[in-house]
Amino acid sequence: MKAVYKDTVIAEAPKDELIYIEGNWYFPMSGVNQEYITKSDTQYTCPWKGDCQYYNVTVGGSTSEDAMFGYPTAKDSAIDRVKHDFRNHVAFWQDVSVKE
């Protein structure tokens, strides 16, 4: 599967390496092209997953703020609930589309 922004592949991984949570596909961080992302200062805490880390996605001078997110310190109870350790995974939204 691929996460695409402005016709550029931001992340890519086989579907069996992704985790599906609440309508979002979470890619392993190892499949993310680091040259297109920067950490965001946006803060959010999910009541059941824990602290969220957002990232901005930039391609060719165009930036989608907070378009990538993950839970690097996810709560153990969230991992139990999902039945997968998703701490080293990220999902996309806004202007980034996920395609098979």
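User: Which residue in β8 is the bridge partner of Gly 70?
Analyst: In β8, Val 90 is the bridge partner of Gly 70. This is a predicted model, where local features need pLDDT of at least 70, side-chain atom pairs count only at pLDDT 80 or more, and totals for chains, interfaces and linings use all residues. Residues are numbered from 1 along each chain as its sequence is written, and side-chain values use heavy atoms, with hydrogens and water left out.

User: Why are β7 and β8 called paired strands?
Analyst: Two strands pair if DSSP finds at least two bridges between them. β7 and β8 have 3 bridges, so they count as paired. The sense is antiparallel.

User: What makes residues 89-92 a strand?
Analyst: A strand is a DSSP run of E with at least two residues, whereas a helix is a run of H or I with at least four; both are numbered from the N terminus. Residues 89-92 form such a strand, β8.

User: What joins β6 to β7?
Analyst: β6 (residues 50-59) and β7 (residues 62-70) run antiparallel and are joined by 6 bridges. Val 57 stands opposite Ser 64 in β7. Their hairpin has 2 residues between the strands, and Gly 60 takes a positive phi near 55° there.

User: Why is Ser 40 called buried?
Analyst: Buried means under 20% relative accessible area, exposed over 50%, and partly exposed in between (1.4 Å probe, protein chains only). Ser 40 has 11% relative accessibility, so it counts as buried. Ser 40 is in strand β5 (residues 37-46).

User: Which residues does Ser 40 touch?
Analyst: Contact means heavy atoms within 4.5 Å. Leaving aside residues up to four places away in sequence, Ser 40 touches Gln 53, Tyr 54, Tyr 55, Asn 56 and Asp 66.

User: What is the strand order of the open sheet of 3 strands?
Analyst: The order is β2-β1-β9, with antiparallel pairing. The edge strands, β2 (8-12) and β9 (97-99), each pair on one side only. β1 (residues 2-5) is joined to β9 by 3 bridges, and Val 4 stands opposite Ser 97 in β9.
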